Amino acid sequence: MENPPQRRDSPTSHLRASDSNRDQVAALLGEALSTGQLSHEEYSERLDSLYQAKTVGELEVLTHDLQVERQRPAASPVSYAPSASTEPDNIIAVFGGADRRGRWRVRRQTKALAVFGGVRFDLTEAEFEAKEVEITINAIFGGAEIILPEGVEVRCQGVGVFGGYDVHNSPDVDPSAPVVVIKGLALFGGVSGRFRRRRDR
C-alpha cells in the first residue's frame with residue numbers, strides 16, 4: 001500500500017470489529033475518495049484491508065490520517081453492577097401502583113404482579129446485575145409500562161389473553177448492552193414497552 005497509515009492503539013483497539021464498524025469506516029473512505037484525499041488505487045487497497053480486518057484497531061488505522069468527520073462513539077447504553085445475589089426482585093401492585101425509576105438495580109430476575117393496578121419500570125438510568133436479565137410481569141385487569149434504554153436487545157415472550165404484550169426490539173441493538181427477556185401473562189390487561197435515549201452523565 002502506498003503511504004500506508006501507521007497503527008495507533010486506542011482503548012477500544014482490541015475489540016472485535018462488527019459489521020456496523022466496517023460500514024462506518026467504508027463511508028469515511030468513500031468520503032476521502034470524493035474529496036481527493038485518496039486515489040482510486042489507495043481507496044481500493046484500503047477497502048480490501050477493511051473487509052479483512054478483525055479488530056477495531058485494524059479499522060482505525062485505515063482512517064486516522066484522513067480529514068473526515070468522525071462520529072463520537074456513543075456512550076454505553078447501560079451501567080453494570082454485577083452481584084452474586086440470586087434473589088429475585090418481587091413487586092406487587094394491587095388496586096394501586098408501583099414505579100421503579102432513576103438509579104436502581106435491575107436484578108437477574110424481576111417478578112411483578114399488577115391486579116387492578118399498574119407498574120412502571122424505567123430502565124434508562126438503572127444498573128444491571130447481569131448481561132441477561134428476566135422481567136416477568138403478570139397483569140390481571142391491570143397494566144405495565146417498560147421504558148428501555150436504546151441499544152438493549154429485547155426478547156418478548158409474554159402471552160396475552162383478552163389483553164396483550166406490545167413490546168418490540170430496539171431498532172439498533174448495541175452488542176455491549178444487556179438482553180432483557182420479558183415474560184408473563186396479560187389477562188384483561190396490557191404490557192407496553194418503548195425506548196428512550198439514556199441521559200449523558
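In the predicted model, five strands are arranged as an open sheet in the order β3-β6-β9-β15-β12, and the pairing between them is parallel. The edges of this sheet are formed by β3 (97–100) and β12 (164–166), each of which pairs on one side only. On average, and with direction ignored, neighbouring strands of the sheet are turned by 5° against each other. Within this arrangement, β6 and β9 (residues 143–149) run parallel and are joined by five bridges, and Phe121 stands opposite Ile146 in β9.

The loop between β6 (118–122) and β7 (127–128) contains Glu125. With a relative accessible area of 10%, Glu125 falls under the 20% limit and is therefore buried. The C-alpha atom of Glu125 is separated by 7.3 Å from that of Arg101, although the two residues are 24 residues apart along the chain.

Helix α1 (residues 19–34) comprises 16 residues and reaches 23 Å from its first C-alpha to its last, which is close to the 22 Å expected at 1.5 Å a residue. The buried residues of α1 are Arg22, Val25, Ala26, Leu28, Leu29 and Ala32; because they cover an arc of only 165° around the axis, they lie on the same side of α1. The elements that cover these buried residues include α2 (40–52) and α3 (56–60), whereas the face turned away from the buried side of α1 carries the exposed residues Asp19, Asp23, Ala27 and Ser34. Just after α1, Gly36 takes a positive phi of about 85°.

Note on methods:
Residues are numbered from 1 along each chain as its sequence is written. This is a predicted model: local features need pLDDT of at least 70, side-chain atom pairs count only at pLDDT 80 or more; totals for chains, interfaces and linings use all residues. Side-chain values use heavy atoms; hydrogens and water are left out. Helices (H or I, at least four residues) and strands (E, at least two) are DSSP runs, numbered from the N terminus. Buried means under 20% relative accessible area, exposed over 50%, partly exposed in between (1.4 Å probe, protein chains only). Two strands pair if DSSP finds at least two bridges between them. Axes are lines fitted to C-alpha atoms, for helices over the stretch in contact, and angles run from 0 to 180 degrees between N-to-C directions. The expected span of a helix is 1.5 Å times one less than its number of residues. The arc is that of the directions from the helix axis to the C-beta atoms. Contact means heavy atoms within 4.5 Å.
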